[in-house]
Amino acid sequence: MDTPFRTRTGVFTNKNVLKQQYEPEEILERGEEIEAYANALQDVVDGWEPENVFVYGKTGVGKTAVTRYMMDMLRIETDQRPDVDDVHVAEVNCHHHPSSYQAAIALVNELRADTEREAITTGLSTSDVLTALFEEIEAREGTVLVVLDEIDNLGDDDVLLYQLPRAKANGNIEHSQVGVVGISNDYTFRNDLSSKVQDTLCEREIKFPPYDANELRTILTDRAKKGLSEGVLDDSVIPKCAAIAAQDRGSARQAIDLLREAANVAVEDGRESVGEADVDAAENRVERGRVKDSIRDLTTHGRYTLLAVTNLAMTEQTPVRAKEAYGVYERVCAESGAEPLSQRSVHDHLIDLAMLGFLTQYDRNHGRSGGQYYEYELDVEPAIVTAVLGEEE
Ligand SMILES: Nc1ncnc2c1ncn2[C@@H]1O[C@H](COP(=O)(O)OP(=O)(O)O)[C@@H](O)[C@H]1O
Ligand SMILES: [Mg+2]
């Protein structure tokens with residue numbers, strides 16, 4: 001029977017290695033960061049109390065991939081040392097568990113997953129959950145490393161970040177030891193922490209800078225070798241993907257997404273070779289995917305604010321001052337049947353949107369007489385925002 005599917009082409013040899021969830025066994029171009037990480041974790045290997053580590057850098061620069069690699073290396077190394085206790089790793093992504101309470105539950109359940117003990121659900125008090133977490137750690141009678149990925153999602157809720165590193169000193173655990181690895185997409189999170197939490201959590205800080213075009217080329221060449229047939233890529237494809245991603249945010253994720261989507265465009269077009277024009281087409285898809293992901297993370301009024309500026313951008317009325325954007329925002333709210341927030345709150349949303357990369361903020365300073373104010377301009381394709389917000393509705 002005829003179905004609408006194509007026959008499988010020979011462009012991909014292993015498409016999975018080009019997908020977002022792929023975990024590379026080999027880390028390229030991160031020698032310095034791996035060395036710094038190894039120094040920070042050396043005490044664990046030597047059997048001392050772990051130091052807490054704070055890893056930071058923009059999204060897509062290898063923080064999660066390198067951390068997982070380091071945890072594997074740590075297990076291998078400690079296995080080779082008969083006199084050193086086992087190391088147990090519990091990892092939680094705070095994007096999916098955005099409070100100390102939720103993250104602690106996730107950690108308990110991850111640690112319980114390889115025991116007979118049942119998973120806990122919500123309904124317990126925070127202190128009960130913390131007690132359960134300490135019990136799990138204590139039961140390991142060894143070193144437990146707690147990895148809190150995308151830790152900035154905890155905001156100013158620092159209960160877990162305060163309690164975990166002090167568990168031993170406070171007598172909550174005795175026969176085990178615990179170390180915290182916190183991973184953040186922004187450095188302001190660190191500075192916003194209370195100084196008591198900062199001092200313990202950030203004993204070791206490791207910075208992941210954006211990748212440059214050369215580094216991205218190495219990473220892409222390796223992925224292409226693992227995932228694509230030989231000879232399907234035009235010579236210009238990898239340099240082009242690397243250049244676009246390097247100029248944008250230096251993200252390996254973005255570079256790999258571009259390569260995969262360029263290959264997809266060619267395949268969907270029935271071709272067995274990928275050229276520069278496919279990268280151009282891919283750019284739009286990838287940008288769309290990125291904007292879509294970030295819009296999903298916005299609050300409802302963050303979306304309304306973004307839509308207001310987008311409407312203004314489409315009628316060429318940007319850059320715009322907060323006050324004028326507010327009028328359009330009110331109309332957007334009215335159309336959605338929502339109660340508008342105060343002008344002050346909408347201004348905060350504008351500042352947030354600028355920080356998230358949706359908007360550019362201009363500081364207008366008109367000397368002593370004119371005073372100072374900000375103007376905002378859309379920094380993403382208006383068509384993408386409206387399309388994505390339209391789909392979301
Ligand atoms: N140095 C590297 N070598 C190989 N692949 C990498 C490297 N850095 C990042 N990647 C890949 O890029 C993507 C994004 O990396 P990730 O570690 O998730 O970034 P972050 O956690 O900093 O947002 C992942 O698919 C990862 O496999
Ligand atoms: Mg990550």
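1. Let's begin with the charged pairs. A search of the whole structure turns up 27 salt bridges, where a salt bridge is a side-chain nitrogen of Lys or Arg within 4 Å of a carboxyl oxygen of Asp or Glu. Please keep in mind that this is a predicted model, in which local features need pLDDT of at least 70 and side-chain atom pairs count only at pLDDT 80 or more, while totals for chains, interfaces and linings use all residues. Residues are numbered from 1 along each chain as its sequence is written, chains are lettered from A and ligands numbered from 1 in the order in which they are written, and side-chain values use heavy atoms, with hydrogens and water left out.

2. Now the overall picture. The protein has 16 helices and eight strands; these are DSSP runs (H or I of at least four residues for helices, E of at least two for strands), numbered from the N terminus. Its C-alpha atoms fill a box of roughly 65 × 60 × 50 Å, taken along the principal axes. Of the 393 residues, 45% count as buried. Here buried means under 20% relative accessible area, exposed means over 50%, and partly exposed lies in between (1.4 Å probe, protein chains only).

3. Contacts and surface come next. Among contacts with a separation of 6 or more, 72% are between residues 24 or more positions apart, a contact being heavy atoms within 4.5 Å. The protein exposes about 20,200 Å², and carbon and sulfur atoms supply 44% of that area. Accessible areas come from the Shrake-Rupley method with a 1.4 Å probe, and for residues only the protein chains shown count as cover.

4. Asp-86 sits in the loop between helix 2 (63-79) and strand 2 (87-93), and its relative accessibility of 46% makes it partly exposed.

5. Glu-91 and Arg-68 meet through their side chains at 2.7 Å, N to O. This pair links distant parts of the chain, with Glu-91 in strand 2 and Arg-68 in helix 2, 23 residues apart. Glu-91 is partly exposed at 24% relative accessible area, and Arg-68 is partly exposed too, at 28%.

6. Which helices does the salt bridge of Glu-276 and Lys-240 tie together? The two side chains meet at 3.7 Å, N to O. Glu-276 lies in helix 11 (residues 276-297) and Lys-240 in helix 9 (residues 237-248), so parts 36 residues apart in sequence are tied together. Glu-276 is partly exposed, at 41% relative accessibility.

7. Two strands are joined as well. The closest N and O atoms of Arg-364 and Glu-375 are 2.8 Å apart in a salt bridge. Arg-364 is in strand 7 (residues 359-365) and Glu-375 in strand 8 (residues 372-378), 11 residues apart. Arg-364 is partly exposed at 27%, whereas Glu-375 is buried at 14%.

8. Elsewhere, salt bridges form a network that links Arg-112, Asp-114, Arg-117, Glu-136 and Arg-140.

9. Beyond residues up to four places away in sequence, Val-66 touches Ile-27, Arg-30, Ile-34, Tyr-37 and Phe-208. Val-66 and Arg-30 are 36 residues apart in sequence, with their C-alpha atoms 8.1 Å apart.

10. Glu-33 is buried at 9% relative accessibility. Setting aside neighbours within four places in sequence, Glu-33 contacts Ile-206, Lys-207, Phe-208 and Pro-209.

11. Lastly, Ala-255 is in helix 10 (residues 252-268) and is buried at 1% relative accessibility. Apart from neighbours within four places in sequence, Ala-255 contacts Leu-216, Leu-220, Cys-241 and Ala-245.
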